Amino acid sequence: MSTKNQFGKNGWTLELMKSQKGKTFVITGTTSGTGYEAARILLSKGAQVVMLNRNPKKAENTLAVLKQALGDGIDVLSIEMDLAVQASVKKAAKEVINSVSKIDALICNAAIAQVPKRTLTVDGWESQMGTNYFGNWTLQALLFPLIEKSKGRIVTVGSMGYTMGIKTINFDDLNWEKDYTPNNAYSQSKLAQIMSMYELQDRLKEAGKTDVKTYACHPGSSRTNLINTSGSAMTKFIFNLMKLSPLVQSAEKGAYPQLMCATEPNLDQSGFYGPTGFQHFVGPVGVHKLEPHAKDKTVAKKLWELSEKETGIKWNL
Ligand SMILES: NC(=O)c1ccc[n+]([C@@H]2O[C@H](COP(=O)([O-])OP(=O)(O)OC[C@H]3O[C@@H](n4cnc5c(N)ncnc54)[C@H](OP(=O)(O)O)[C@@H]3O)[C@@H](O)[C@H]2O)c1
């Protein structure tokens, strides 16, 4: 793949983002990190933003902080949604559909990471798979009709962690009853998120529904609450040390890939987007290499079928 960045040597930056007046974005996980920054930036560009968060108190605080920063006139809605609970995702999706007339982009940003002990969601999945993957799967499928009507986009925030685990889906033991490690389970959930975007692209193409665009991206290594929220004491210690190094960037920069994928007009859906510098931790934002296991068609198809079975949700394609 050519290393030339289509946006020039500085990659995609905020200067490239035009006014977003008249557009509606739905973003998961805006109480901190890249999701907060994405919401703040889109609101500052005049967009309507629907924030989906699990913690009502934190959501209320985020709303207050955004209003303080950008003024009371911002067009922002807050809906409660816990991605780890399918019933909550279904309820939130209904509320979104009843609250807005269109969705220009759904940004699936929220996640948990490196959960030290194997735990299950109320629906019975390993917590990272249940939250990061099945939660988003259901949200995307239920919002798809409105996204389609809006000729909108689905943007998934993945992670370079997709290359750091077993590099496939553990179909024989999806919930890690044997050999649970925080890293393998996180990696599987992020790989599943990324794979499903490219599989969805193929299915949309087959169905002739090419007005909807889907993108996979990642924030590199960004100074956020991710590890502090769900990681072990050791991973917190390591990541908090790393945060002091130049190999970790601001949460705002970490939001650029998702903002680019949600707004940039001519972006190739087959690419994987993120920082293009050292180890993809930091650097100019653009397209970069995706390891072939993320586009393994046999695994992707099997994962899609499994997801329909596990969640009982079928996409209206
Ligand atoms: N930071 C990095 O270096 C890095 C690297 C690779 C990938 N990523 C990815 O970047 C994305 C954003 O993470 P971040 O780094 O900005 O972390 P963050 O600061 O922890 O933000 C994560 C957001 O997701 C929300 N969330 C967590 N579980 C949820 C649930 N069950 N339902 C609804 N919302 C939930 C959090 O809400 P609460 O406030 O309630 O916890 C928070 O708003 C994630 O997809 C992550 O995997 C980050």
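I sorted the shell around the ligand by class and got 11 nonpolar, 17 polar and 4 charged residues. Here Ala, Val, Leu, Ile, Met, Phe, Trp, Tyr, Cys and Pro count as nonpolar, Asp, Glu, Lys and Arg as charged, and the others, Gly among them, as polar.

A note on the source: this is a predicted model, where local features need pLDDT of at least 70 and side-chain atom pairs pLDDT 80 or more, while totals for chains, interfaces and linings use all residues. Residues are numbered from 1 along each chain as its sequence is written, and side-chain values use heavy atoms, without hydrogens and water.

Next I asked which of the 32 residues around the ligand come nearest. They are T31, S32, R54, N109 and T224; a residue is near if one of its heavy atoms lies within 4 Å.

I then looked up polar contacts (pairs of N or O atoms within 3.5 Å). An oxygen atom of the ligand lies 2.8 Å from a polar backbone atom of S222. For T34 I noted 2.9 Å from a ligand oxygen to a polar backbone atom, and for N225 3.0 Å, again to a polar backbone atom. The protein buries 96% of the 890 Å² that the ligand exposes when taken alone (Shrake-Rupley method, 1.4 Å probe).

Last came the aromatic rings, which pair if their centres lie within 6.5 Å; planes under 30 degrees apart are stacked, over 60 edge-to-face and the rest tilted. I found 11 aromatic pairs. F144 and W315 form a tilted one, at 5.6 Å centre to centre and 55 degrees between the planes.

Conventions. Polar contact = N/O pair within 3.5 Å; in protein donor to acceptor, adjacent residues only side chain to side chain. Phe/Tyr/Trp six-rings, centres within 6.5 Å; stacked < 30°, edge-to-face > 60°.
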